[in-house]
Amino acid sequence: MKKLQVRNTILLFLTAFIWGTAFVAQSVGTDYVSPFTFNCVRSLVGGVVLIPCIWLLGRIAPNKTRETQEPKDKKRLLTGGILCGILLCLASNFQQMGIAYTTVGKAGFITAFYIIIVPILGLFLKKKCSLTVWIGVVLALAGLYFLCITEEFSIGKGDALVFVCALLFSIHILVVDHYTELVDGVKMSCIQFFVCGILSGILMFLFEHPQISDIIAAWQPILYAGVLSCGVAYTLQIVGQKGINPTIASLILSLESVISVLAGLVVLQQRLSKREVAGCILMFGAIILAQLPQKKGKEEQKYE
């Protein structure tokens, strides 16, 4: 495993950690503001946070920013940012709406379906995966089942909405995988947040009644979700996915479900059942299996 792949794997683990702990902030935030309002403000905060980061990176390594100076490259950067922003907006808001009609356990399991949807969609894009990766996918799904499902599974309105969210996140992962090879990942991340924030803002004014006092009251969870979950984690995702098979990336990112349970244990004093512990073990086993060195064909050489 090359040093770049190891570094990017660590970045994706850190992304999963931030997203997992952000569930606490999101849960608290919904006590003050509605879904579109929360996603609007936190996405705009995430975009604003990245502006000085882009400026600083440009001063430190100006040569690395030349790739986006040509009109063709700027158009590609803008296109990637807009597409990612639209997908992020749809996925985030479908998830928030779905959680209102289903249990958190079901929502967590159905959202994590992106780890099986990604390789299926990847087949249509000629992105082949090894047998060990597919075994890891099955183990991860089993782990997520034990981790999240604590009651009889049934399909309801909320379940359907969250499944749409999982499908959208799968497409988002594949779009990120495509554009990170072509454009500056941090700049694209900044664009996607502003697009997501603006679109969520339009939906906010159309369907909700936002109050400044409510937003101020929720400043702590909004800043945590905006600065860390959006500004930091999604950027780490874009940078970390570069050069890594998107199926493996989705497996690592799905660890957010495990981390959210651990965050609940530490922050909310929630105990882990034997079933949940088994789920955590299966999830970690899936990640380790997917990262084992193996022989790859020509189609997979780009991910070594």
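Start with how the chain contacts itself: among contacts in the protein between residues at least 6 apart in sequence, 92% join residues at least 24 apart. Keep in mind that what you're looking at is a predicted model.

Pick out Ile248 and Cys129: they sit 119 residues apart in sequence, yet their C-alpha atoms are 9.1 Å apart in space. Ile248 belongs to helix α11, which runs over residues 246-253. Is Ile248 buried or exposed? With a relative accessible area of 5%, Ile248 is buried, because anything under 20% goes into that class.

Now zoom out to the overall layout. Of the 304 residues in the protein, 51% are buried.

What's on the inside? The largest nonpolar core has 65 residues, and the members that touch the most other members are Ile115, Leu144, Phe169 and Met188. Helix α7 (residues 157-179) gives this core its largest share, with 10 residues. There's also a second, separate core of 8 residues, and Val33, Phe38, Val41 and Ala218 are among them. In soluble globular proteins, nonpolar side chains do tend to be buried together.

Have a look at Leu78, Ile82, Ile86 and Leu90, which make a nonpolar surface patch of about 300 Å². Ile86 is a handy one to click on, and you'll find it in helix α3, residues 71-99. Why does Ile86 count as partly exposed? Its relative accessibility is 34%, and partly exposed means falling between the 20% limit for buried and the 50% limit for exposed.

One more helix deserves a visit: α12, covering residues 256-267. From its first C-alpha to its last, this 12-residue helix reaches 15 Å, close to the 16 Å expected at 1.5 Å a residue. Which residues of α12 are buried? They are Glu256, Ser257, Val258, Ile259, Val261, Ala263 and Gly264. That list takes in Glu256 and Ser257 as well as Val258 and Ile259, so check those side chains when you turn the model around, bearing in mind that buried here means under 20% relative accessible area.

Definitions and conventions
Residues are numbered from 1 along each chain as its sequence is written. This is a predicted model: local features need pLDDT of at least 70, side-chain atom pairs count only at pLDDT 80 or more; totals for chains, interfaces and linings use all residues. Side-chain values use heavy atoms; hydrogens and water are left out. A nonpolar core is a set of buried Ala, Val, Leu, Ile, Met, Phe, Trp, Tyr and Cys residues joined through side-chain atoms within 4.5 Å. Buried means under 20% relative accessible area, exposed over 50%, partly exposed in between (1.4 Å probe, protein chains only). Helices (H or I, at least four residues) and strands (E, at least two) are DSSP runs, numbered from the N terminus. Patches are made of residues with over 30% relative accessible area and no salt bridge: like charges are joined within 9 Å, nonpolar side chains (Val, Leu, Ile, Met, Phe, Trp, Tyr) within 5 Å. Accessible areas come from the Shrake-Rupley method with a 1.4 Å probe; for residues, only the protein chains shown count as cover. A salt bridge is a side-chain nitrogen of Lys or Arg within 4 Å of a carboxyl oxygen of Asp or Glu. The expected span of a helix is 1.5 Å times one less than its number of residues. Contact means heavy atoms within 4.5 Å.
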